[in-house]
Amino acid sequence: MLEAIAGDIATLAQFELILEMTQTDVYNEIIDDQLLNLSLWVNIALAGLSILLFVYMGRNVEDPRSQLIFVATLMVPLVSISSYTGLASGLTMSFETMPAGHALAGEEVLSLWGRYLTWALSTPMILLALGLLAGSNITKIFTAITADIGMCVTGLAAALTTSSHGLRWFWYFISCMFFVAVLYVILVEWPEDAEAAGTASIFNTLKLLTVAMWLGYPIVWALGAEGLAVIESVALTSWAYSLLDIVAKYIFAFLLLNWVATNESVIANMPSLSSESTSGAAPTDD
């Protein structure tokens, strides 16, 4: 009886300690873990360099659709540098108690939930740029973007749900279903549009790059401390996400913008966003 009471008191004391942790305490935890801290600052530096490079690359672009591709793509490192700064400062991190049934049940795991804010704002811009490159219409682009936002928001819910282990994985399942919808548009709908628009070569390269990298995110979540805890180190998990971000964002953006800047005339000949995609039948006069 006394042992049970002592155990409850210890658990309550630990819980109160976590509640009392300030943003400064979380920041100090990040500073103390040099591997974790480096995974954040490398992305801040690369995002800053990417912003300067992409602005320079788009200096002579005049076609409105090409300019929109540049603006959408430029938003990716702009969002990233803001988000990673939030992570590095401890603003968008917190300790979460893993629920019963989890491999780390009862333990406090540092959750980098600010990454989901990054993805919810940056990945729609990636999809907007891809859809514009494919010469797709507003309906398909809107579908991909809304499903993508749903994927990110439900992923955040999975990361922050600590009341039930089962509900964490149910949120994860819902997020994956949104992801399937995004993959359908990228792999089935847009390749046909890109073929008709004359951008199939570069689109297929970016399509494969995007799908390969984006598949890595749910895998890292499942294997990381928030999922099955096969990889218990938060720093290693953070590095896995950071490396995926480097390829899926900055390398992707450079390949896209470099092609657009040298093939602006191809983009200029595409139909407007409100019209049917180029793979569809052309409207006829009455």
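Author: Buried means under 20% relative accessible area, exposed over 50%, and partly exposed in between, with a 1.4 Å probe and protein chains only. The model is a predicted one, in which local features need pLDDT of at least 70 and side-chain atom pairs count only at pLDDT 80 or more, while totals for chains, interfaces and linings use all residues. Residues are numbered from 1 along each chain as its sequence is written, and side-chain values use heavy atoms, with hydrogens and water left out.

Reader: With which residue does the side chain of D245 meet in a salt bridge?

Author: A salt bridge is a side-chain nitrogen of Lys or Arg within 4 Å of a carboxyl oxygen of Asp or Glu. Here D245 pairs with R115, at 3.7 Å from N to O. R115 belongs to helix α5 and D245 to helix α9, 130 residues apart, and the pair links distant parts of the chain. R115 is buried as well, with a relative accessible area of 2%.

Reader: How many salt bridges does a search of the whole structure find?

Author: The search finds 4. K140 takes part in a salt bridge with E189, at 3.3 Å from N to O. K140 lies in helix α6 and E189 in helix α7, so this pair ties together parts that are 49 residues apart in sequence. K140 also meets D193, at 3.1 Å from N to O. D193 lies in helix α7 too, so that pair ties together parts 53 residues apart in sequence. K140 counts as buried at 16% relative accessibility, and D193 is buried at 0%. Elsewhere, salt bridges that share partners join R115, D245 and K249 into one network.

Reader: How many helices and strands does the chain have?

Author: Helices (H or I, at least four residues) and strands (E, at least two) are DSSP runs, numbered from the N terminus. This chain has 10 helices and 2 strands. From the N terminus on, their order is α-α-α-α-β-β-α-α-α-α-α-α.

Reader: Which residues is L256 in contact with, beyond its neighbours within four places in sequence?

Author: Contact means heavy atoms within 4.5 Å. By that rule L256 is in contact with I69, T73, A129, L133 and L206, once its neighbours within four places are set aside. For the chain as a whole, 76% of the contacts between residues at least 6 apart in sequence join residues at least 24 apart.

Reader: Which residues make the nonpolar surface patch?

Author: Patches are made of residues with over 30% relative accessible area and no salt bridge; like charges are joined within 9 Å, and nonpolar side chains (Val, Leu, Ile, Met, Phe, Trp, Tyr) within 5 Å. Accessible areas come from the Shrake-Rupley method with a 1.4 Å probe, and for residues only the protein chains shown count as cover. L35, L215, I219, L223, L228, V230, I231 and L236 make a patch of about 670 Å². One of them, L223, is in helix α8, residues 200-223, and is partly exposed at 33%. L35, in helix α3, is also partly exposed, at 40%.

Reader: What does L223 touch, leaving out residues up to four places away in sequence?

Author: L223 touches A229, V230 and I231. A229 is found in the loop between α8 and α9 and is buried at 8% relative accessibility.
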